[in-house]
Amino acid sequence: MGEILDCQGDGLLVTGDISEGDDVVFELRRLAEAVNQPVFFVLGNHDFYQSSIAVTRQRVMEICREHPLLTYLTDAQPIELCSGCYLVGDDGWGDATQGDYARSPIRLNDFRLITDFHSISSKTWQKRLKLEGQASAERLAQKLHALPEDADRVLVITHVPPYRQSCWYEGRTTDDWWAPFFVCGAVGEVLSTFAKSRPMIQLTTLCGHTHHGGIAQMSSNHCVYTGSAEYGVPRVEAVVSVSSSSTQISSISRTS
């Protein structure tokens, strides 16, 4: 927690994979009490392990209603950070719309550790992945359409990279085998459509999931920052500075 406190920020943004379904509520409460700052977050696929998607989300929504410092962005409307700048978010899901699902040998732990998948036939997994991705995209689209007219910058928080170009591994973007599980194409479509329809709005997306970092400039008004992560070593990946005129993302410098 020391690194978070050293940043002296006004709040914490978390792009998912906080814990697992059996103790994610406990960890969220512990995090909020430790940093004593507003925590804005989405959930990642690991957060549903040992549980189901619906049950975990319901438990998380309940603790957020009890704890004033916790905001689950998937269950929240646009939040004004400062004049003209708004925060929105949704979990996202690797939705099998990108790459080659049929020939991919990749099978994530999701399929054996999340009830929604291990309780159904593997033949229906692809359909379920698409449904989860589409649900996230629809929720996010509603939030973007709800933005007030004065919005000129939007910060989007999601877990799964919305494009292949923003899905990084060791400095390179994903291949056809990994893309079905590490890209949420439906969310990418929503973001691209919004960026094109509102060219005067600067769109900044923060995501994770791949454990490797990178930056993808998708259009003149949309940039995607994918954060890196290491199991068991939570840390601050970047500082987001928001003012009435700009939004800046600054990487954290570390010494070994």
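Mentor: Let's start with N36, the residue that follows helix 2 and has a positive phi, near 55°. Most residues other than glycine have a negative phi. Bear in mind that this is a predicted model, in which local features need pLDDT of at least 70 and side-chain atom pairs count only at pLDDT 80 or more, while totals for chains, interfaces and linings use all residues. Residues are numbered from 1 along each chain as its sequence is written, and side-chain values use heavy atoms, with hydrogens and water left out.

Now step back into helix 2 itself. Helices here are DSSP runs of H or I with at least four residues, strands are runs of E with at least two, and both are numbered from the N terminus. Helix 2 has twelve residues, and its first and last C-alpha atoms are 16 Å apart, close to the 16 Å expected at 1.5 Å a residue. That expected span is 1.5 Å times one less than the number of residues. The buried residues of helix 2 are V24, V25, E27, L28, L31, A32 and V35. Seen down the axis, these buried residues fall within an arc of 165°, so they line one face of helix 2. The arc is taken from the directions that run from the helix axis to the C-beta atoms. Buried means under 20% relative accessible area, exposed means over 50%, and partly exposed lies in between, using a 1.4 Å probe and protein chains only.

What does helix 2 pack against? The buried residues of helix 3 pack against helix 2 (24–35), and also against strand 2 (39–41), strand 3 (70–72), helix 5 (115–118) and helix 6. Contact means heavy atoms within 4.5 Å. Helix 3 covers residues 53–66, and its 14 residues should span 20 Å, which agrees with the 20 Å between its end C-alpha atoms. Its buried residues are I53, T56, R57, V60, M61, I63 and C64. They cover an arc of only 165° around the axis, which puts them on the same side of helix 3. On the other side, A54, R65 and E66 are exposed.

Between strand 2 and helix 3 there is a loop, and H46 lies in it. H46 counts as buried, at 16% relative accessibility. Not counting residues up to four places away in sequence, H46 touches D17, S19, E20, G21 and Y231.

Helix 6, one of the partners of helix 3, has 21 residues and reaches 30 Å between its first and last C-alpha atoms, close to the 30 Å expected. Its buried residues include W125, L129, L140 and L144. L144 lies in helix 6 (residues 125–145), and its relative accessible area is 2%, so L144 is buried. Beyond residues up to four places away in sequence, L144 touches V88, V154, V190, L191 and F194.

H209 counts as buried, at 9% relative accessibility, whereas H211 is partly exposed, at 21%.

Finally, let's look at empty space. Rolling a probe the size of a water molecule over the atoms shows where empty space is left. On a 1 Å grid over the protein atoms alone, a cavity is a set of points where a 1.4 Å probe fits but cannot get out; a pocket is an open set with protein on both sides within 12 Å along at least five of seven lines, and lining residues have an atom within 4 Å of a point. The second largest pocket is lined by 13 residues, of which W168, Y169, T174, W178 and T210 lie nearest its centre. Strand 7 (168–169) and strand 8 (172–173) are the elements that give two or more residues to that lining. The space in this pocket is about 320 Å³, a volume being the space filled by probe spheres set on grid points that are joined across faces, edges and corners.
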